[in-house]
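Please look at how the charged side chains pair up in the chain shown below. The report that follows takes the salt bridges in turn.

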Amino acid sequence: MISTGDLRKGIAIELDGELWQILDYHHIKMGRGSAQVRIKLRNIKRGQTIERSFQAGEKWPRAILEKRPVQFLYHDGDDYHFMELESYEQFQLTAEQLGDATNYLTDGMMVDRTSHGEETIGIELPISVELKVVETEPGFAGDTQSGAKKPATTESGLVVNVPIFVEEGDTIRVDSRTGEYQTRV
């Protein structure tokens, strides 16, 4: 069980028979009465985000999520195919189940499979991902404005704002949490 005093961002709890991930929380103490906790939650399966208030000291069952390394193989249409590294078992997830993670997946990439019981919930990407630039405008001499940026399309279809010195064919490192350019590799 997890109580309001043990809350942390990213923890998964079971609430009303569903899995929820804690995105943010605030302890609120009014002048009279007991303290309350306002929690912003995201439904792990459906992606829905809600805010709810609870009395301080309330408890919920903590959801046990298992993470195992898997390899992304390929995608065809809206189906993304992965392989377990230990058993070589293959499974697939839809683009809807993966959400924004589809923008960072490249063939052969290693990710973590998140599951609850026998059901696969999704995948967890590494913090930074290396992607090849397939299309961008050329940077011209004289474009020396400090911090000048231009859009670049990567092999996965993600469009990232990059410095003007990045060219087609370059490999860049992108933060998978924010989608921002980090460095040229």
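## Basis of the model

This is a predicted model, in which local features need pLDDT of at least 70 and side-chain atom pairs count only at pLDDT 80 or more, while totals for chains, interfaces and linings use all residues. Residues are numbered from 1 along each chain as its sequence is written, and side-chain values use heavy atoms, with hydrogens and water left out.

## Salt bridges and a network

The structure contains ten salt bridges, the term meaning a side-chain nitrogen of Lys or Arg within 4 Å of a carboxyl oxygen of Asp or Glu. A network of salt bridges links Glu66, Arg68, Glu84 and Arg113.

## Pairs linking separate parts of the chain

Asp24 forms a salt bridge with Lys9, with the closest N and O atoms 3.9 Å apart. This pair links distant parts of the chain, since Asp24 belongs to strand β3 (residues 18-28) and Lys9 to the loop between β1 (2-3) and β2 (12-15), 15 residues apart; strands are DSSP runs of E with at least two residues, numbered from the N terminus.

Arg184 and Asp170 meet through their side chains in a salt bridge of 3.4 Å, N to O. Arg184 lies in strand β16 (residues 181-184) and Asp170 in the loop between β14 (159-163) and β15 (171-175), so the pair ties together parts that are 14 residues apart in sequence.

## Exposure of the partners

Buried means under 20% relative accessible area, exposed over 50%, and partly exposed in between (1.4 Å probe, protein chains only). Asp24 is partly exposed at 25%, whereas Lys9 is exposed at 58%; Arg184 is partly exposed at 39%, and Asp170 is buried at 17%.

A further salt bridge joins the side chains of Arg177 and Asp175 (3.0 Å, N to O), where Arg177 is exposed at 62% and Asp175 is buried at 9%.

Notes
Helix = DSSP H or I, 4+ residues; strand = E, 2+ residues; numbered from the N terminus.
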